[in-house]
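Take a look at the structure below. Keep it in view while you read this short report.

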Amino acid sequence: MTRQMTGAKMVVQALKDQGVNVVFGYPGGAVLPIYDEIFQQNDIRHILVRHEQGAVHAAEGYARSTGKPGVVLVTSGPGATNAVTGLTDALMDSIPLVVFTGQVPTFMIGTDGFQEADTVGITRPCTKHNWLVRDTNELSDKIHQAFHVATSGRPGPVLIDIPKDVQFANGAYTPPAKANTGHYAPRLKGDKARITELADLIENAKRPIFYTGGGVINSGPAASQLLRELVDATGFPITSTLMGLGAYPASGKNWLGMLGMHGLYEANMAMHDCDLMIAIGARFDDRITGRVDDFSPDSTKAQIDIDASSINKVIHVDLPILGDVGHVLEDLLKIWKSRGRKVKKDALEKWWGQIDDWKARKCLTYVNSEKTIKPQYALQRLEALTRDRDRYITTEVGQHQMWAAQFLGFEAPNRFMTSGGLGTMGYGFPASIGVQVAHPEALVINVAGEASWLMNMQELGTAAQFRLPVKQFILNNERLGMVRQWQELLHGERYSHSWSEALPDFVKLAEAFGAKGIQCRDPAGLDDAIIEMLEHDGPVIFDCLVEKHENCFPMIPAGAPHNEMLMGEADTQDVIGAKGAVLV
Amino acid sequence: MSALHIKKGTSKHSAYDLKNPNADVIETHTLAVVVDNEAGVLARVIGLFSGRGYNIESLTVAEVDQKGHLSRITIVTTGTPQVIEQIKAQLGRIIPVHEVHDLTVEGASVERELALFKVSGTGDKRVEALRLADIFRANVVDSTLESFVFEITGTPEKIQAFAELMRPLGLVEVARTGVAALSRGA
Ligand SMILES: Cc1ncc(C[n+]2csc(CCOP(=O)(O)OP(=O)(O)O)c2C)c(N)n1
Ligand SMILES: [Mg+2]
């Protein structure tokens, strides 16, 4: 049975039927009918952000910390264009979002109407798919299809553009079970023969490594569980990308830490020297591979991924397995166990001996100070004081982000939200808001740099309005630290525009919004200050004044292979070739 | 164990040289892509090629199944084998895409293109143009005392060859449809 209702009502009805209970949004002329419907119901909570970019990042934080799609509602024209950075971010990091935009009425499309923008045109390259719905009768089908597309296969953001007349008009509503969601149905099961081949490789590997990524987390909690089982049962070492942190616990005994440009020495060396690399839900991003023709030269490479375009894009893979990580790991474990759970014990022992030698270099060592707070030290203390809490971490982008990945331990998936693929400064604060909305009782901390944080600082209004006790832990070096580091290493210490001039007084800024501000500059007072932040029941800006010219190590300079890492200041003299300087 | 210190200038290659990993072999492939005939689908396909820096040599599109609202896009593209594989995988990711066929590798196929040629001239040149058109089985679809419009179908190579012959005989304008292609057999 179909019910007649207005397009605007359909949006709200479809959201309810999809199990949505939170929408992040900002109103405007072209979505007023939908806002009117939101006003007249209580099932769906609307979080009013202060900028549409904030809405999308908040929805990303919500999605990544829950595994459910994040929902956004914004107006036409500037509302839609403000959402573009968030959409691109979500596309790069495979985050499921359903974004609704208002549009001028169908009869005005193409006339340069007030607040008209070609939203589906602008967002075509930064969504997994998008729709302009011109007929109210098609609206509910499209919304249900949108949820299906956003959440199946490799997840991603989708957008539905709804002209205002379509919102006002009446049409037939189709519930999800009856909706036509199109032919899109990515294959979940992997090829059995290939999985068996992988089991065979596992049995014969002498220097194996698991290289895992965000795909494990996107596949769902069961995939992380299966991964843990497989790693522990085989005894193989495991490393992960920034996006995959938490799928295997940082306290797990096979954990090598993050790999890549600022990854751990032992992780990168093991990737370089391994004889079997098993990539799981990871896409050989350039931050991971370094110089591609020297990437892990002697290994057989297997890759499990649900997206065919992620296989053989950058690195040649010997054994590709197309399928969902959870499904493939389940089959792999079954097959490997049924063949007698074999591994090359002696060779593995030798391999671990080698890895332990690499670990002994203690690549995260830094020179601490009693006078100034080292950013690494600040994060070590934050870790020590929050490790046992129900904790979610978001970050901005820069040195602090890499230090957070190095110095904080993630024990579970969906606990670390960071902008990996796009590297969007301004992501972390709104993302922390989205996480807190999803987990009201949890401790949510955004590890930030002062420059990134200022990019979406207006969201302090949102945190204050909705009483979201997010903790903004700003490692304030008064520098665009990561830019400054590159200028130091690659541009002859010419620090072109990498200062944070005219910074606000963060304590007063917090107070101006009715939040709490804390400033700390003394290492001796750091613990107490952090505890004060944790104990405050409300949003806090923690202005942690840190060493200004600290560099983030280890570092694989752009254009170098994995086994040529810079380990600390002493390694940085004259290190980067002219070719490296043109890379980002 | 490997060196930790990098000497200036030793970093030769990087992920940024990916565009052309085996720059030696550039292949031409004809792809047939079956898509939902919906608004914007062509823009998605073209946007993929321009956004990722792939080549389009020729592209044709038309609805082929009215009931199922399906269109067929035939694309002739060039690239290294790895890039061709990427193109196919990327096309497969577009939501309204149902099927991607690489006619160049999936057994034998036939390719045809239609072209219109306007050739103007008088006297011997006009006679010679008509004679060559006959050899190429081109039809005259319009004629004035000083010009012909020829219609020709064939492989892109045949059409190219005809164009070369017409040029000295007064070729003034060409319109080509681009390639339509099907695999042979049942
Ligand atoms: C929107 C955006 N603009 C520019 C950049 C380039 N960028 C990368 S890191 C960085 C500096 C970040 O400074 P801050 O947030 O203070 O972090 P720090 O590196 O000092 O820890 C810049 C400008 C970016 N990633 N995102
Ligand atoms: Mg900074």
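The report covers a ligand site, a pocket, a cavity and salt bridges.

## The ligand site

This is a predicted model. Ligand 1 has 17 residues around it. The closest are A:Gln399, A:His400, A:Gly423, A:Ser452 and A:Gly481.

An oxygen atom of ligand 1 lies 2.6 Å from an N or O atom in the side chain of A:Ser452. For the side chain of A:His400, the distance from a ligand oxygen to an N or O atom is 2.9 Å. A:Ala451 takes part through its backbone: a polar atom there is 3.1 Å from an oxygen of ligand 1. On its own, ligand 1 has 590 Å² of accessible area, and the protein covers 77% of it.

## What builds the shell

Which helices supply at least two residues each to the shell around ligand 1? They are α17 (399-407), α19 (450-455) and α21 (481-490) of chain A. The largest share comes from α19(A), with four residues.

Seven of its residues are nonpolar, eight are polar and two are charged.

## The second largest pocket

The second largest pocket has a volume of about 840 Å³. Its lining counts 34 residues. Closest to the pocket centre are A:Trp131, A:Leu132, A:Lys142, B:Glu38 and B:Ala39.

In chain A, α6 (119-123), β6 (129-132) and α7 (136-151) each give at least two residues to this lining. By type, the lining has ten nonpolar, twelve polar and twelve charged residues.

## A cavity in chain B

Rolling a probe the size of a water molecule over the atoms shows where empty space is left. The structure holds two cavities of 30 Å³ or more. The second largest cavity has a volume of about 30 Å³.

Residues lining this cavity include B:Val119, B:Lys125, B:Glu146 and B:Phe148. At least two lining residues come from each of β5 (109-120), α3 (124-135) and β7 (147-154) of chain B. The most come from α3(B), which gives three. The lining divides into four nonpolar, three polar and three charged residues.

## Salt bridges

Side chains of opposite charge can pair when their charged atoms come close. Over all chains, the count is 27 salt bridges.

One of them joins the side chains of A:Lys337 and A:Glu229, at 2.6 Å from N to O. A:Lys337 lies in helix α14 (residues 325-338) of chain A and A:Glu229 in helix α11 (residues 221-234) of chain A, so this pair ties together parts 108 residues apart in sequence.

Methods. Residues numbered from 1 in each chain as written. Chains lettered and ligands numbered in written order. Predicted model: local features only at pLDDT ≥ 70, side-chain atom pairs only at ≥ 80, totals over all residues. Heavy atoms only, no water. Near = heavy atom within 4 Å. Polar contact = N/O pair within 3.5 Å; in protein donor to acceptor, adjacent residues only side chain to side chain. Areas by Shrake-Rupley, 256 points an atom, 1.4 Å probe, with all protein chains shown as cover. Nonpolar A, V, L, I, M, F, W, Y, C, P; charged D, E, K, R; others polar. 1 Å grid on protein atoms, 1.4 Å probe; cavity = no way out; pocket = protein on both sides within 12 Å on 5 of 7 lines; lining within 4 Å. Points joined across faces, edges and corners; volume = space filled by probe spheres on them. Salt bridge = Lys/Arg side-chain N within 4 Å of Asp/Glu carboxyl O.
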